[in-house]
Amino acid sequence: MRFILRRLGFYLIAFWVSITLNFLLPRFMPGDPVSRMFARTQDRMQPEQIEHLRKLLGVDDRPLWEQYVGYLHNMLTGQMGVSISRFPAPVTEVIGSQVGWTLLLGGTALVIAAVVGNLLGILAAWRRGGAVDSALPPLLIFIGSFPYFWLAMGALYLFGVTLGWFPIRHAFSDTIEPSFSWAFVSDVGMHLVLPALTIVLVSIGGWMLGMRNTMIATNAEDYITMAEAKGLRPGRIMFRYAARNAMLPSVTAFGMSLGFVVGGAMLTEVVFAYPGVGYQLLAAVQGLDYPLMQGLFLTITAAVLLANFLVDILYVRLDPRVRSN
Amino acid sequence: MTQQRFLRSARITAASLAVGALLLTGCAANQGTTGATGGSSESALLTIPREDMGTFVQNFNPFAPTVNPMVQQAIYESLLIFNPVKGDTTPWLATEWQAADDGKSITFTLRDGVKWSDGKPLVADDVAYTFDLQKKIKGGFEYLETVTADGANKVTFSFNKPWSPALYDLGQLTILPKHIWSALADPGKDANAKPVGTGPYTEVDSFQAQSFVLKKNPNYWQPEKQKIAGIKMLAFAGNDGANLAAANGDVDWAPQYMPNIEKTFISKDKEHRQYWFPATGATINWQLNTTKAPFNDVDVRKALSMAVDRDQVTKIGMSGYAKPADCTGLSGNYETWKNKEVQDNCDWTKLDVDAAGKLLDKAGYAMGADGKRTLKDGKPFEFKISVGASSSDWLSVANVISQNLAEIGVTAKVDSPDWASVVAGYETGDFDSGIVWSANDPSPYKYFNNAMGTASVKPVGTKTFDNYHRFGDAKADALLAEFAVGADETKQRDIANKLQERYNDVAPLVPLFSGPVWGAFNDTRFTGWPTEENPYATLSDRAPTTVLVLTSLEPRK
């Protein structure tokens, strides 16, 4: 329990540091959101309107520390303000209406890539030099080193446009109303295939290689030899003895990736016109939309920290050595 | 449209990549037969992609700076509509207008029988209220003193000075219903999720983050023109996705930039697909910071301009879609205003490397033995051209200019940080030169005021939001003041001619080309599109003329 409390304290400090960075970073970027917006709509707005716009958008010109105090207060009370680039929609609404799709897409792809990748890694290490071990790693690394944009466009064109197997845009058909019906769920599933598949393809190689390499090291340990000498079933040795110990780095990696799912699928969202927050983050940065940037950073930070905290707890269960210090 | 410039150009690279991929994988696919998904053509929705919004938020507030698509085109309407291609004006919510002889007021007469989509009649009070609200929330209209409703159908705008550019300024603002907006606690920040407007398509239907539908206004004032069942907007986070949808025949209208459009779009169904890019966008200028030497010298500005190969600039930078500028500086938007004499005797916007060199020699910027020129203080003739890194098209423009200038011994380095810092430099006057777009209005007043009016010239270090090149000319000021009084059109054209002569004399900036207005369509399901032969509107879906397209299209029988 003390371990968990200590970790919790650490996470609180990490959280404070990161929300402070979230506050400072956008403000160190050159320019301000209003003149940014003005420059974009040059032929539509009059220079005299800038002051009004500043007031309308609620762009702060208070001293930095006052803004900071207000910001901390807002963060603690969950008020993220109004988005500038999607004005006057509140930040929570902009993020809330889209983050679900990002989580669905990123989460599905991550789970598939991690589970399949790790299993392949275990198999490859267990049968070193076999078919899986010699053919798959170079192939997967080859695919993984493709520029993602290229791979996604290619998959979209081949399976979406030419063969017509999968829909080419959005999270569900425009002709169907969202509901918990089989028709809608299967429609969402069909729309998920291509974007998730491309993410899995580029990331699976990393999982497989990582697992394979630690497994090989583990397989050389004395307790594996001992287990074999005892005549245990190979399957039991592979999963209970070797894989369980080799899994620790993968668990860490999974925890970190889980956090980045929130902000990570930007290119996928662009290529497959998938509704989500990844592209929104780019737009927010380009438009110097402080509130939306802060909201998204906060969401990502919180997700990363939460995921790491969960991994920490899981670690205690998996690796007894962590408990002792 | 130059609106959303940053995001749009950021995507041109992406779009080109995408199209490259398409070309490589072979273009033999579906022959646009998938277009008619969604029932018979009678009930089909006019489907339009929106390429710069990855997702939609249910917010139909016209005061939002990045307003949802179609709010100011299909939901709310304005008093009149100006069509830049033909240079004519269509009365819309107003049937006629009368400017006072002293140029200090305009009276509009509203159309009879116009109703809001909730059935209440449009009255003069709505117009007056809209302008009060606009001034309160978004400012602008500094010349506007009072707006008075006179009975139900007349409204008079009074100015604090004679001001002829007001007609289009006032006439093109979309009008809101007072009975709805006056009941809101904070109209500037209300989401206005269920808008009430006078436009042809007002009823929001099946709203999703990735698409939404607008259905017919049940009380539209010209029901015979609501021939399409509704409009469906699709969200895309970039041109590439929108272009793919267009190439695949999934959308009826493609108002976004498409590289190599003949091959990627038209060739798949020549019978039904067309594009048209009239040069009625803003003029794209190369602005030289005239507070710095040698750009304060008119001969230098003209010589640099003469060294620029505009054909190459438009071909390489704009895929050949743009039209090179001439000595009037005016884009295709002002075709009817152009001074033929200035155009015919134009020299400094035509490529002439020898003349450029001679002009620089004469002005005292001699060519050294190494083929490089020096400034009067002996320093090398070197400067930067600043362009945002994301605008790949304008970067090519700057690179072409840089190469062109090398031929006359001038070194121009292309400097491309993020747009934010480029614009910050423009605003404070801390830059050498940059590629900038200009104001684009029905009347050429704003263009010349921003190019050479002294009122907008701010000292270096003080922020300015137009006239980045900081050039002011007293003679131009006098002409501008006279132009603003307006009243008599022949006289106004005469002053516009003189303004162009002055522009031609002082060369306040270097005009490069008229920006094209993108637009393409697929008439498999709907006919009646504007074309070069029938230019009743542009093919933009964000222009005031868009409502003309929406009320002209009909389903194919």
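## Annotated regions of chain A

For chain A, an unreviewed UniProt entry lists "transmembrane region" at residues 9-29, 101-126, 138-168, 188-209, 246-274 and 294-316. The model discussed here is predicted, and two of these annotated stretches can be compared with the computed secondary structure. Residues 101-126 of chain A are 100% helix and 0% strand, with their end C-alpha atoms 37 Å apart. Residues 294-316 of chain A are likewise 100% helix and 0% strand, and in that stretch the end C-alpha atoms lie 33 Å apart.

Taken as a whole, chain A has 15 helices and zero strands. Its C-alpha atoms fill a box of roughly 85 × 60 × 40 Å along the principal axes. Of the 325 residues in chain A, 48% are buried.

Which residues make the nonpolar surface patch of about 470 Å²? The patch is formed by A:V111, A:I112, A:V115, A:V116, A:L119 and A:F239. Helix α5 of chain A, which spans residues 91-126, supplies the largest share, with five residues.

A:V116 counts as partly exposed because its relative accessibility is 36%, and partly exposed covers the range between under 20% for buried and over 50% for exposed.

## A four-stranded sheet in chain B

Chain B contains an open sheet of four strands in the order β4-β5-β7-β6, with antiparallel pairing. The edge strands, each pairing on one side only, are β4 (94-99) and β6 (144-150) of chain B. On average, neighbouring strands of this sheet are turned by 15° against each other, direction ignored.

Strand β5 of chain B can be followed to both of its neighbours. With β4(B), β5(B) pairs in the antiparallel sense over five bridges. Five bridges also join β5 (residues 105-110) of chain B to β7 (residues 154-159) of chain B, and these two strands run antiparallel. The residue B:T109 shows both contacts: B:T109 is the bridge partner of B:E96, and in β7(B) the bridge partner of B:T109 is B:K154. Because five of the six residues of β5(B) are buried, this strand is largely enclosed by the rest of the structure.

The hairpin of β4(B) and β5(B) has five residues between the strands, and B:G103 takes a positive phi near 70° there.

## The annotated domain of chain B

An unreviewed UniProt entry carries the annotation "domain: Solute-binding protein family" for residues 90-454 of chain B. This span is 29% helix and 19% strand, and its end C-alpha atoms lie 34 Å apart.

## Salt bridges

How many salt bridges does a search of the whole structure find over all chains? The search finds 21. One of them joins the side chains of B:D326 and B:K338, at 3.2 Å from N to O. Both residues lie in the loop between β13 (323-324) and α10 (340-344) of chain B, so the pair ties together parts that are twelve residues apart in sequence. B:D326 counts as buried because its relative accessibility is 13%, and B:K338 also counts as buried, at 8%.

A second pair is formed by the side chains of B:D473 and B:R502, which meet in a salt bridge of 2.8 Å, N to O. This pair links distant parts of the chain, 29 residues apart: B:D473 is in the loop between α14 (445-452) and α15 (474-485) of chain B, and B:R502 is in helix α16 (residues 489-506) of chain B. Both ends count as buried, B:D473 at 10% relative accessibility and B:R502 at 18%.

A further salt bridge connects B:D523 with B:R556, where the closest N and O atoms are 3.3 Å apart. Here too distant parts of the chain are linked, 33 residues apart, with B:D523 in the loop between β18 (520-522) and β19 (526-527) of chain B and B:R556 in the segment after β20 (554-555) of chain B. B:D523 is buried, with a relative accessible area of 14%, whereas B:R556 counts as partly exposed at 29% relative accessibility. Elsewhere, B:R50, B:E51, B:D52, B:D541 and B:R542 are joined into one network by salt bridges that share partners.

Methods. Residues are numbered from 1 along each chain as its sequence is written. Chains are lettered from A and ligands numbered from 1 in the order in which they are written. This is a predicted model: local features need pLDDT of at least 70, side-chain atom pairs count only at pLDDT 80 or more; totals for chains, interfaces and linings use all residues. Side-chain values use heavy atoms; hydrogens and water are left out. UniProt positions are given in the numbering used here, feature names are shortened, and annotations may be inferred rather than shown by experiment. Patches are made of residues with over 30% relative accessible area and no salt bridge: like charges are joined within 9 Å, nonpolar side chains (Val, Leu, Ile, Met, Phe, Trp, Tyr) within 5 Å. Accessible areas come from the Shrake-Rupley method with a 1.4 Å probe; for residues, only the protein chains shown count as cover. A salt bridge is a side-chain nitrogen of Lys or Arg within 4 Å of a carboxyl oxygen of Asp or Glu. Buried means under 20% relative accessible area, exposed over 50%, partly exposed in between (1.4 Å probe, protein chains only). Two strands pair if DSSP finds at least two bridges between them. Axes are lines fitted to C-alpha atoms, for helices over the stretch in contact, and angles run from 0 to 180 degrees between N-to-C directions.
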